[in-house]
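Me: I have a structure open and want to learn how to read it. Can we start with contacts between charged side chains, then move to the ligand?

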Amino acid sequence: MLSATVTVDPAFVVGPVRRRTFGSFVEHLGRCVYTGIHDPGHPTADSDGFRGDVLELTRELGVSTVRYPGGNFVSGYRWEDGIGPAEQRPRRLDLAWHSTEPNQVGVDEFMRWAARAGVEPMMAVNLGTRGVAEALDLLEYCNVPGGTEMSERRRANGAPEPYRVTMWCLGNEMDGPWQIGHKTAHEYGRLAAETARAMRMVDPDVELVVCGSSNSRMPTFGAWEHTVLTEAYEHVDHVSAHAYYYEEDGDLSSFLASAVDMDRFIESVAATADAVRAAGKHTKRIHVSFDEWNVWYQQRAESRPPSGDDWPVAPVLLEDRYNVADAVVVGNLLVSLLRHTDRVHAASLAQLVNVIAPIMTEPGGRIWKQTIFHPFALTSRFARGEVLRVAVDSPVHDTAKFGDVAALDAVATHDAETGDVVVFATNRSVTDEVALDVDLRGFPGMRLVEALTLANPDHTWSATVDDDTSVVPRTNASAKVADDRAHADLPPVSWSVMRLTRA
Ligand code: AHR
């Protein structure tokens with residue numbers, strides 16, 4: 001057995017736990033919207049056709065913010081198609097996913113869904129096929145109280161009060177050659193700056209996310225952020241980061257260390273933003289919106305869009321099935337996001353339902369939780385107060401992709417009001433148990449509330465519609481606290497949460 005120590009101290013604060021770290025994403029893609037959140041024939045559907053069981057699990061997942069309507073989809077989207085009487089809305093080709101978009105859900109429906117789910121909407125505007133004018137129209141529709149063309153249309157469509165959406169993404173992955181309306185960094189930077197400047201004239205309270213690279217392996221990664229921010233720095237608040245190349249490709253050890261990659265990614269984007277800040281003599285800082293992240297098996301057949309004359313509505317797409325190791329990685333990626341809470345001010349697990357998702361549905365039928373549901377829900381529920389910078393003393397092992405990697409990775413949060421301290425820990429060893437000691441001398445007299453561990457002798461176990469409860473986080477019976485030290489034995493390939501409070 002390996003041994004590791006984590007030292008926590010109330011003096012070492014990274015920053016607040018931000019609720020927006022626990023965002024998710026609903027795109028018009030595959031079955032995320034249709035037969036996902038929206039399924040009018042479903043027994044739990046409400047008057048808008050929204051599934052009650054999906055709303056319930058969304059709340060249980062602890063999602064804070066939901067990004068909408070895409071994704072690649074948004075770069076060809078005409079938002080006006082999705083408003084007004086549903087029977088009069090056009091059906092359109094969705095070029096991003098080679099599907100047919102029936103436009104039965106649009107901005108008004110989404111806002112009603114978000115209100116019922118208790119989540120903050122985060123909208124994206126189309127800067128692929130469209131530009132400043134259409135972004136302004138959508139903002140006016142959403143945020144202006146009334147008395148103008150667009151705001152009166154919203155009122156006529158049943159929403160007398162403005163939606164007052166704060167978070168807006170200026171397009172999506174505009175660096176990607178797959179993106180409809182793909183642009184060079186300079187072209188996009190100018191467009192983003194002008195769109196942002198005009199949007200602030202309509203509503204000075206918006207928070208704007210400019211597109212960073214669609215992943216850190218793009219040949220333009222770094223240079224893209226530098227050019228775009230050089231153009232748009234003063235007009236935006238966040239730069240986006242997206243990462244999906246976390247998948248088990250036969251090298252479990254490297255896969256379990258995926259958070260090392262996310263750490264480096266965040267730090268590189270922050271460093272680039274700070275370089276632009278220095279060169280431009282700006283005073284404010286740009287934050288990272290990690291608004292698409294997850295494990296995704298992109299080479300599997302279910303990630304391939306239809307082709308030819310086949311333009312289905314809501315095809316089965318990107319319906320990855322997640323196993324225990326995937327959930328351990330997701331838990332560890334949340335550790336990475338939390339420990340960067342000084343720079344990461346928003347994040348979105350992509351996506352929410354059916355499409356690389358923690359929640360799965362049968363059309364008209366049952367609902368079930370994937371393994372990745374659990375670390376997300378527990379982290380969202382128990383991370384409160386401030387994130388602490390912890391000292392981790394752990395054995396390291398060699399990985400093919402990241403070199404030496406600590407077997408034990410952890411972060412802690414401290415809620416000064418309740419006195420609660422929560423440690424989130426991942427054992428990234430494929431073979432060895434880790435005996436974890438938490439040095440609590442900075443928090444004398446704590447007691448254990450509970451310790452939960454997600455692990456399974458077969459880390460390839462996946463939930464199904466028939467069984468999503470055999471492997472869930474369970475009480476870790478080895479956990480105890482004595483003499484200002486907490487202890488727990490963590491099995492290989494595991495994710496744990498240890499909750500402590502004042503005795
Ligand atoms: O989430 C799936 C897709 O991944 C999104 O549409 C796109 O933004 C990203 O490449």
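Reply: Start with one pair. In this predicted model, the side chains of glutamate 120 and arginine 20 form a salt bridge, with 2.9 Å from N to O. A salt bridge needs a Lys or Arg side-chain nitrogen within 4 Å of a carboxyl oxygen of Asp or Glu, so this pair qualifies.

Me: Where in the chain do glutamate 120 and arginine 20 lie?

Reply: In distant parts, 100 residues apart. Glutamate 120 belongs to strand β7, residues 120–125. Arginine 20 is in the loop between β2 (13–16) and β3 (23–25).

Me: How many salt bridges does the rule give?

Reply: The count is 32.

Me: Now the ligand. Which residues surround the ligand?

Reply: List the neighbours, then sort them. Around the ligand are Phe25, Glu27, Leu29, Gly71, Asn72, Trp97, Asn172, Glu173, Tyr244, Glu292, Trp296 and Gln351. Sorted by class, this shell has five nonpolar, four polar and three charged residues.

Me: Which side chains have an N or O atom facing a ligand oxygen, and at what distance?

Reply: Look for pairs of N or O atoms within 3.5 Å. Glutamate 27 has a side-chain N or O atom 2.6 Å from a ligand oxygen. For tyrosine 244 the distance is 2.7 Å. Asparagine 172 also places a polar side-chain atom 3.0 Å from an oxygen of the ligand.

Me: How much of the ligand does the protein bury?

Reply: Compare the ligand alone with the ligand in place. Alone, the ligand exposes 290 Å², and the protein buries 95% of that.

Me: What kind of space does the ligand take?

Reply: A pocket, and the largest one.

How values were computed: Residues numbered from 1 in each chain as written. Predicted model: local features only at pLDDT ≥ 70, side-chain atom pairs only at ≥ 80, totals over all residues. Heavy atoms only, no water. Near = heavy atom within 4 Å. Polar contact = N/O pair within 3.5 Å; in protein donor to acceptor, adjacent residues only side chain to side chain. Areas by Shrake-Rupley, 256 points an atom, 1.4 Å probe, with all protein chains shown as cover. 1 Å grid on protein atoms, 1.4 Å probe; cavity = no way out; pocket = protein on both sides within 12 Å on 5 of 7 lines; lining within 4 Å. Sits in = over half its atoms within 2 Å of the grid points. Nonpolar A, V, L, I, M, F, W, Y, C, P; charged D, E, K, R; others polar. Helix = DSSP H or I, 4+ residues; strand = E, 2+ residues; numbered from the N terminus.
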